[in-house]
Amino acid sequence: MRNLLSLEEVAMFVLGIFMYGLLGYPWWLFFVLLLTPDIGMLGYLMNEKVGAIGYNLFHHKGIAILLYFLGMYLSMPVVQMIGVILFAHASMDRIFGYGLKYNKGFKYTHLGEIGKRNG
């Protein structure tokens, strides 16, 4: 099942790349911004609860999709780009098993414990 979920995330990552290409921004910008959603991890410097909230805010695909459509509605391509970057980044993270976080620590995710093989 884990391989099937990873394959699905690869498809979503490719969709994010495709959607970025439709926006017309330079490709170097995509690669520069792709890791910026990890800024949400800075909350872990305060405590695990704030860290989980920050991480989940920057890695939630629903928020990414909402931002993309909000950018469409408001005719603000930069907001669309932010949504696409968040979506692509979240998909990339999930390919490697980094899911949304629980409050008990960084390694506890909705996909299982990071570093522990669940099958």
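How many salt bridges does a search of the whole structure find? The search finds one, a salt bridge being a side-chain nitrogen of Lys or Arg within 4 Å of a carboxyl oxygen of Asp or Glu. Before selecting it, note that this is a predicted model, in which local features need pLDDT of at least 70 and side-chain atom pairs count only at pLDDT 80 or more, while totals for chains, interfaces and linings use all residues. Residues are numbered from 1 along each chain as its sequence is written, and side-chain values use heavy atoms, with hydrogens and water left out.

Select Glu9 and Lys61, whose side chains meet in the salt bridge at 2.4 Å, N to O. Glu9 lies in helix H1 and Lys61 in helix H4 (residues 61-73), so the pair ties together parts that are 52 residues apart in sequence; helices here are DSSP runs (H or I, at least four residues), numbered from the N terminus. Both Glu9 and Lys61 are buried, which means under 20% relative accessible area, whereas exposed means over 50% and partly exposed in between, with a 1.4 Å probe and protein chains only.

Next, select Phe13, Tyr20, Leu23, Leu29, Phe30, Leu34, Tyr68, Met81, Val84, Ile85, Ala88 and Met92, the twelve residues of the largest nonpolar core. Such a core is a set of buried Ala, Val, Leu, Ile, Met, Phe, Trp, Tyr and Cys residues joined through side-chain atoms within 4.5 Å. Helices H1 (2-23), H2 (27-33) and H5 (77-95) each supply at least two residues of this core, and the largest share, five residues, comes from H5. Centre the view on Val84, which, leaving aside its neighbours within four places in sequence, is in contact (heavy atoms within 4.5 Å) with Gly16, Met19, Tyr20, Leu23 and Tyr68.

Now turn to the aromatic cluster formed by Tyr20, Tyr25, Trp27, Phe30 and Phe31. Rings of Phe, Tyr and Trp (its six-membered ring) pair if their centres lie within 6.5 Å, and planes under 30 degrees apart count as stacked, over 60 as edge-to-face and the rest as tilted. The whole structure holds six aromatic pairs. In one of them, the rings of Tyr20 and Tyr25 have centres 6.4 Å apart and planes at 35 degrees, so the pair is tilted; Tyr20 is buried at 0% relative accessible area, and Tyr25 is partly exposed at 24%. The rings of Trp27 and Phe30 have centres 6.0 Å apart and planes at 75 degrees, so this pair is edge-to-face. Trp27 is partly exposed at 40% relative accessibility, whereas Phe30 is buried at 1%.
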